[in-house]
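Here is a walk through one protein model. Keep the sequence and the 3D view side by side as you read.

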Amino acid sequence: RRAWIEDEVRRVYREGIHFQANPRQRIVIDFSSPNIAKEMHVGHLRSTILGDTAASLLTKLGHDVVRLNHVGDWGTQFGMLLEYMRRQEGVQDGDDVGIRDLQTFYRASKKCFDDDADFKKAAQSNVVALQSGQAWARESWQKICQASRAEFQVIYDRLGVEGLEERGESFYNSMLPSVVAQLEEGGLVQEDGGAKCIFTKASQAPLIVQKADGGYGYDSTDCAAVLHRLTEEKADRIIYTIDNGQESHMRMVFEVAERAGWLKGRRLDFMGFGLVQGEDGKKLKTRSGDVVRLKELLDEAATRAEAELRKRAEGRETPATEDPDRDARLRANAEQIGVAAVKYFDLRQNRNSDYRCSFDAMLDPKGNTAVYVLYAYARMSAILGKAKVDASALDTSALSLEDPTERALALRLARLPETLALVEDDLLPSRLIDYVYALAGEFTAFYTACPVVGSPNEASRLLLCEATRRTLDECLAILGIRPLDRL
């Protein structure tokens, strides 16, 4: 058995993550999905982080992954917004409008829509103009969308989210009549109160695929989206990363896809998740009662991480006058640690459960946190740096696992494929967090019990350190966390 464990460590050192999916599939993942003209808030945190992690893991395993951002960019709210902007001097065309302006305009337009019959009529007329492609409406709408995209990208850059293709509700607009016709031909549609409905076993309420006035809502859009992903994207599996409150709706859409004969043995997954709560167990809000902006959440985590880094740096680093880059480096590290702490804390939770957001718990260096794991990673890097060896050219024949803590760490390395296979199927990234935490803990036990640099077993233990560092690095990459070689 010891020989097998040692061979596994050598293989990890040479090849990294060895597990590959069989068969490889084309997988569409729908995640993040903010609304145009509104800022990303804490409610978008879990969909973005969970979906990105699932996409990264499935890509790592060899699947062909399509990352889709189903943004809310269509509907009555844009008719209201366009009308309000038309009536405001200097913003009629949407030029130089930022996302905060749009949020203010949206609130004001909603009040006008509710209180002013003429405004409401004009807004409804604007929706028709937008849907029919009138130039003025489409141009202003595009500028609104572009302002929102720019702000979304700032958040995505901070979170390290890449390769996310926007395909919002508007993308499917032209497909809706033919999708409804196809569902009618399949005998799924019943008329109820003038509306075209599909009744399912998933809910007592029907899917309304066409309203009584001839319009379409997100029920029809979601049916069109699943059909497009199956037929045009040729997906073998589609994963929807959406909050648990939408599960009933999505199960209805899934049932329609099955009954319509669209699935043909392919797989639809609802990757649901609970709410982010405040420390009081209630929905996380600001003191004024507003939803917490995602930018504010990340800023707070980075600010707290910076304060801790400055405290640790006092008295043991070169004064800023002699190291002019120190402050910039410290702020960059704080941003990296803060974002890592938020992501790790979220992913550590069972995604089906609500959880309480606590910055103190997120940034605790002793618990199951990103900070603890990042310190373990930095320690591995420090050992290899202190040894002054080429980590890419270590002697694999020198490996000899004699201490129980060495063997425990090696066994943990060998168990990664099992963990990845579980997450591939059940889409619970908390399993990978548990693995990462256990790996960091096994390394700490090994490091405490076994001297490395300067010991008779230096060559063997350096190899074990480097295999562990590489494995941890690959796991953190899947989780969207960038490690630091020095903390």
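How close do the axes of helix H10 and helix H11 come, and at what angle do they cross? The axes of helix H10 (residues 294-313) and helix H11 (residues 326-348) come within 7 Å and cross at roughly 125°. Axes here are lines fitted to C-alpha atoms, for helices over the stretch in contact, and angles run from 0 to 180 degrees between N-to-C directions. Helices (H or I, at least four residues) and strands (E, at least two) are DSSP runs, numbered from the N terminus.

Two ground rules come before the rest. This is a predicted model, in which local features need pLDDT of at least 70, side-chain atom pairs count only at pLDDT 80 or more, and totals for chains, interfaces and linings use all residues. Residues are numbered from 1 along each chain as its sequence is written, and side-chain values use heavy atoms, with hydrogens and water left out.

Back to the helix pair. H10 passes H11 in a right-handed crossing. A crossing is left-handed if the near helix is turned anticlockwise from the far one by less than a right angle, and right-handed if clockwise. Residues of H10 that meet H11 include Leu297, Ala301, Ala305 and Leu309. On the H11 side, Leu330, Ala334, Ile337 and Val342 are among the partners. Contact means heavy atoms within 4.5 Å. The residues of this contact divide into 11 nonpolar, 2 polar and 5 charged. Ala, Val, Leu, Ile, Met, Phe, Trp, Tyr, Cys and Pro count as nonpolar, Asp, Glu, Lys and Arg as charged, and the others, Gly among them, as polar.

Now take a second pair. The axes of helix H13 (residues 370-387) and H16 come within 10 Å and cross at roughly 45°. That angle makes H13 oblique to H16. The crossing of H13 past H16 is left-handed. From H13, the contact includes Tyr372, Met380 and Ile383; from H16, it includes Val436, Phe443 and Tyr447. Its residues divide into 10 nonpolar, 2 polar and 1 charged.

Next, the sheet. It is open, has 5 strands in the order S3-S2-S1-S7-S8, and its pairing is parallel. Two strands pair if DSSP finds at least two bridges between them. Strand S3 (165-166) and S8 are the edge strands, each pairing on one side only. Helix H8 (residues 218-231) packs on the sheet and touches S1, strand S2 (64-69), S7 and S8. The direction of H8 makes about 145° with that of S7. H9 lies across S7 and S8, and runs at about 175° to S8. S1 and strand S7 (residues 237-240) run parallel, joined by 4 bridges. Asp30 stands opposite Tyr240 in S7.

Finally, look at the loops. Pro23 lies between helix H1 (2-15) and strand S1 (26-30). The peptide bond from Asn22 to Pro23 is cis, with omega near 5°. Lys264 sits between helix H9 (247-259) and strand S8 (267-270). Its phi is near 50°, a positive value in a residue other than glycine. Leu427 is in the loop between helix H15 (416-426) and helix H16 (430-449). Phi of Leu427 is also positive, near 55°.

Leu427 has 4%, so it counts as buried. Buried means under 20% relative accessible area, exposed over 50%, partly exposed in between (1.4 Å probe, protein chains only).

Notes. Angles under 35 degrees count as roughly parallel, over 145 as roughly antiparallel, 65 to 115 as roughly perpendicular and the rest as oblique.
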